Amino acid sequence: MTFYRNKSRIIGLFAVLLTGFSQSVLANDAVINVQGSGAIEVTPNAYSVTFVVEEEGDTVSKLNSQLNADLRQVVQFLLSQGIAEKHIQSMQVRLQPRYVNTPQGRVQQGFSLSRDIIVTSTDLDTYDSVLDGVLKRGVDRIQQFNFIALSEQNAYELALVAAVKDAKQRAQLLAKELGIEVGEVVAISESGGNMPIPVMRAEAMAKDMSMSLPGQQRVEARINVTFKIVQ
């Protein structure tokens, strides 16, 4: 009988300890998780464009000479337009075999050699004349054109601050409805965001379709924040 009484006491003590442990865990887990978002709109003050020069032929060395001649013309023109040398990149080269279909099947017929020229400029008023000029000087196609904001990092930081404020307001709103209080922050992390994405203003486009307008760009930041709950 003594053994069973002792066993019952041990089981009862263990249950009390387990209950206390569970309550402690729940107390430690008394938190509220929210996501905050912030956005800043900036006006682009520059543009970035990628030009492609390409040559096709049977001999790689000859292709390279022709390509360098085209590249030299394009770069000299860009420099004459006031674009700084540090804003012109032309190191990316692609060499691919060229294939044609014949009655005997698909056969290789020479090579295709191309080079990308990436240009960044803050002179928005002359981008159209730059495009026209390079197309007359050996550029085969325009791969990509974007209006950009060179101060994008500062804009993202401002969006991040706005996201923090938004998270705090969301937490306080939820806490008020639940009849609790928000305590200190126990965890915070970035959950995503973006650097400027071109967003053309509909009203600006409708005003004058013939005008070259960069519009505005929206910089977004999102964060996850965990607050303690004060009960």
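A salt bridge is a side-chain nitrogen of Lys or Arg within 4 Å of a carboxyl oxygen of Asp or Glu. In this predicted model, the side chains of Arg 98 and Glu 56 meet that description, at 3.6 Å from N to O. Arg 98 sits in strand β4 (residues 93-102) and Glu 56 in strand β2 (residues 46-57), so the pair ties together parts that are 42 residues apart in sequence. Arg 98 is partly exposed, at 22% relative accessibility, and Glu 56 is partly exposed too, at 47%.

The structure has eight salt bridges in total. Some of them join up: Glu 41, Arg 218, Glu 220 and Arg 222 form a linked network. Within it, Glu 220 pairs with Arg 218 at 2.9 Å, N to O, and with Arg 222 at 3.5 Å, N to O. Glu 220 counts as partly exposed at 24% relative accessibility, as do Arg 218 at 36% and Arg 222 at 28%.

Then there are the helices. Helix α2 (residues 60-80) packs against helix α3 (residues 127-135) at an angle of about 155 degrees, with the axes 9 Å apart. That angle makes α2 roughly antiparallel to α3, and the crossing is right-handed. On the α2 side, Val 74, Phe 77 and Leu 78 do the touching; on the α3 side, they meet Ser 129, Val 130, Gly 133 and Val 134. Sorted by class, this contact has five nonpolar residues, two polar ones and no charged ones.

Ser 114, in strand β5 (residues 105-121), is buried, with a relative accessible area of 5%. Beyond its neighbours within four places in sequence, Ser 114 has contacts that include Val 52, Glu 54, Leu 67 and Arg 94.

Methods. Residues numbered from 1 in each chain as written. Predicted model: local features only at pLDDT ≥ 70, side-chain atom pairs only at ≥ 80, totals over all residues. Heavy atoms only, no water. Axes fitted to C-alpha atoms, helices over the stretch in contact; angles between N-to-C directions. Helix = DSSP H or I, 4+ residues; strand = E, 2+ residues; numbered from the N terminus. Parallel < 35°, antiparallel > 145°, perpendicular 65-115°, else oblique. Left-handed = near helix turned anticlockwise from the far one by under 90°. Contact = heavy atoms within 4.5 Å. Nonpolar A, V, L, I, M, F, W, Y, C, P; charged D, E, K, R; others polar. Buried < 20%, exposed > 50% of the residue type's maximum accessible area, 1.4 Å probe, protein only.
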